[in-house]
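Subject: Model for you to look at

Hello,

Here is the structure I promised to hand over. Please open it alongside the notes below.

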Amino acid sequence: MHDAIVIGSGPNGLVAAATLARAGWSVLVLETQHRPGGALYSLPTTLPGFVHDVGAAFFPFAHASPALRSLDLGAVGLQWRSGLYESAHPALDGTCVSVSRDPDRAARSFGPDGDAWRRLAGWQASMGDRLAQALLCPLPDPRPALRLGLLNLLGLARAGLSTSAGYARRIFRTAPARRVLPALALHVDLGPEDFSGAALALVLALLAAGYGFQVPVGGAKAITEALLKRLQEHGGRIELGTHVDRILVKGRRAVAVVTNRGQEIPAGRAILADVGPKALYFDMLPEEAVPGYVRNAIRAFRYGWGTFKMDWALSAPVPWLADEARQAAAVHTGDSIEDLIRFTNEVRGGALPSNPYLVIGQQSLLDSTRAPAGRHTLWTYSRVPNRMAGGWQRHKEGFADRIEQRIEGLAPGFRQLILGRAIFAPDDLERMNENLVGGDLGGGSAQFDHQLFWRPAFPYFRYRTPVRGLYLCSASTHPGAGVHGACGFNAAGLAFKDER
Ligand SMILES: Cc1cc2nc3c(=O)[nH]c(=O)nc-3n(C[C@H](O)[C@H](O)[C@H](O)COP(=O)(O)OP(=O)(O)OC[C@H]3O[C@@H](n4cnc5c(N)ncnc54)[C@H](O)[C@@H]3O)c2cc1C
């Protein structure tokens, strides 16, 4: 019998599994897909020889996350690359402001707002690793937050009470600088005018300034492979193509899982589920194992917007008009705060955005292993409604053309470079990974009422569930989306604690 069964091999599942195995537990990971990694993997989705990240592509937590650090993935061969600029923000009016880890370079790019950027970068430097520790630690431990000190806490609390547009207008004077923070907040479902949107925007900006938007050599799958090495060197195993349909509960304790092949696999000490909360509570657990009030709370769990993702194989780098964008790991489109507000309203209203906000990744500029010599890859996503009238497949090609047109406006000649493209509408993403419900890349809304003590639902914000020995460890738990492994790491920590 295995000590622990981990359901799902996304980064949180694998971090949990490797952490348990390192402590001497025998661990089995069950993954429904025929490849590991969840949204952390790479495939040649366009043409042979081009390596595209299927989901996560930039890793601000690579060096900041206590979970990833504890597994020392560098020692099993994981290597990182970064760009001159972390994120460029070009607009159709020809302006461009870029974030860089070098505060002087970034200050030059921010022009009249250079001193304001220096203050932010200085703030990040003064907090150092304490910021990530406070963000990623399990709740409700107040110690990492207290270690930040009162002034830093007040500064962060101010952002937590602000919209990203309001905060940007307060600290920057020029329109190009003001569009940076609202664009970062839109990685998730936080529009420029949403309460507390500044918190996530600020954290991403500070992480970019401090650690950068790093990319792993070989693609996102290199992180998954390194996590698997850590698991396997301690005797842990993964079984692919195995869906966990049910969890068996005996005397209010989780004792085994039942797979799609009808196998019953017992777990001696714990079961950790890297799955969505609705799947866990409504599909996998017997109804009588979950109190009615918990079922009601989970029923109210909301997912964020859909994600529309594209990959391209290119014959040359993107010919951005803005020089800085040609040297940036990531590029964010958004012509102004007003443009990003319009985008948000269109998505919330169920329409395809007319001028799509895009997060664009230029991984091959940093890592030459991503494409054949002289060729390049490009990765992008826009946020979109979860569902479209008549189904997504009807709208897919047309919206992909609109995205290409959007990039062409900022980089004339882009379309002529396209050798191949791959398109993933929200329903394609969900088929690839059932945790991406409605194509939401975040495992649940990032709005304030879905964070901290409310993720996935109060009072089960500490990875535990009403069933003893069963833990939820996906991005639907605190601290949410992103490849930091903290949900898995913290859940494994709770499993150890409960054992003791
Ligand atoms: C398009 C896109 C872009 C992104 N960009 C970034 C980025 O640049 N940087 C960043 O940090 N983050 C990014 N993210 C978010 C990040 O990838 C996720 O937050 C992270 O992968 C969540 O990890 P997880 O382990 O919780 O779940 P997932 O990665 O979703 O993995 C869950 C796994 O569990 C498996 N599973 C589910 N149910 C079962 C079951 N019943 N039985 C067996 N297996 C099951 C699934 O098949 C899947 O493999 C992006 C995500 C997407 C989709």
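By class, the shell around the ligand holds 19 nonpolar, 16 polar and 4 charged residues. (Ala, Val, Leu, Ile, Met, Phe, Trp, Tyr, Cys and Pro count as nonpolar, Asp, Glu, Lys and Arg as charged, and the others, Gly among them, as polar.) This is a predicted model: local features need pLDDT of at least 70, side-chain atom pairs count only at pLDDT 80 or more, and totals for chains, interfaces and linings use all residues. Residues are numbered from 1 along each chain as its sequence is written.

Ligand shell

There are 39 residues around the ligand, and Gly-8, Gly-10, Asn-12, Gly-38 and Ala-56 come nearest. A residue is near if its C-beta atom, placed from the backbone, lies within 6 Å of the molecule. α1 (11–22) and β13 (306–314) each supply at least two shell residues. The largest share, 3 residues, comes from α1. Helices (H or I, at least four residues) and strands (E, at least two) are DSSP runs, numbered from the N terminus. Domain 1 and domain 2 each give at least three residues to the shell.

Domains

The assignment gives domain 1 (2–50 + 220–302 + 445–499) and domain 2 (80–216 + 308–432). These bounds come from an automatic or database domain assignment. The C-alpha centres of the two domains lie 28 Å apart. In domain 1, 23 residues are in contact with 22 residues of domain 2. Contact requires C-beta atoms, placed from the backbone, within 7 Å. On the domain 1 side, α12 and α19 (486–499) are the elements that give two or more residues. The largest share of that side, 3 residues, comes from α19. The residues there divide into 13 nonpolar, 9 polar and 1 charged.

Helix α12

α12 (residues 221–233) has 13 residues and should span 18 Å at 1.5 Å a residue; its end C-alpha atoms are 18 Å apart, which agrees. The expected span is 1.5 Å times one less than the number of residues. Of the 13 residues of α12, 10 are buried, so the helix is largely enclosed by the rest of the structure. (Buried means 20 or more other C-beta atoms within 10 Å of the residue's own, exposed 12 or fewer, partly exposed in between; C-beta atoms are placed from the backbone.) The buried residues of α12 include Lys-221, Glu-225 and Arg-230. Their cover includes α1, β2 (27–30), β3 (42–43), β8 (215–216) and β9 (237–239). Just after α12, Gly-235 takes a positive phi of about 90 degrees.

Helix α19

α19 has 14 residues and reaches 20 Å from its first C-alpha to its last, close to the 20 Å expected. Its buried residues are Ala-486, Cys-487, Gly-488, Phe-489, Asn-490, Ala-491, Ala-492 and Ala-495. What covers them includes α1, α2 (66–70), α5 (129–136), β12 (264–273) and β18 (470–472).

Strand β1

Strand β1 (residues 2–7) has 5 of its 6 residues buried, so it is largely enclosed by the rest of the structure. β1 and β12 run parallel, joined by 5 bridges. Val-6 stands opposite Leu-272 in β12. β1 also runs parallel to β2, with 4 bridges. There, Ile-5 has Leu-28 as its bridge partner. Strands pair if DSSP finds at least two bridges between them.

Best wishes

How values were computed
Two residues are in contact if their C-beta atoms, placed from the backbone, lie within 7 Å.
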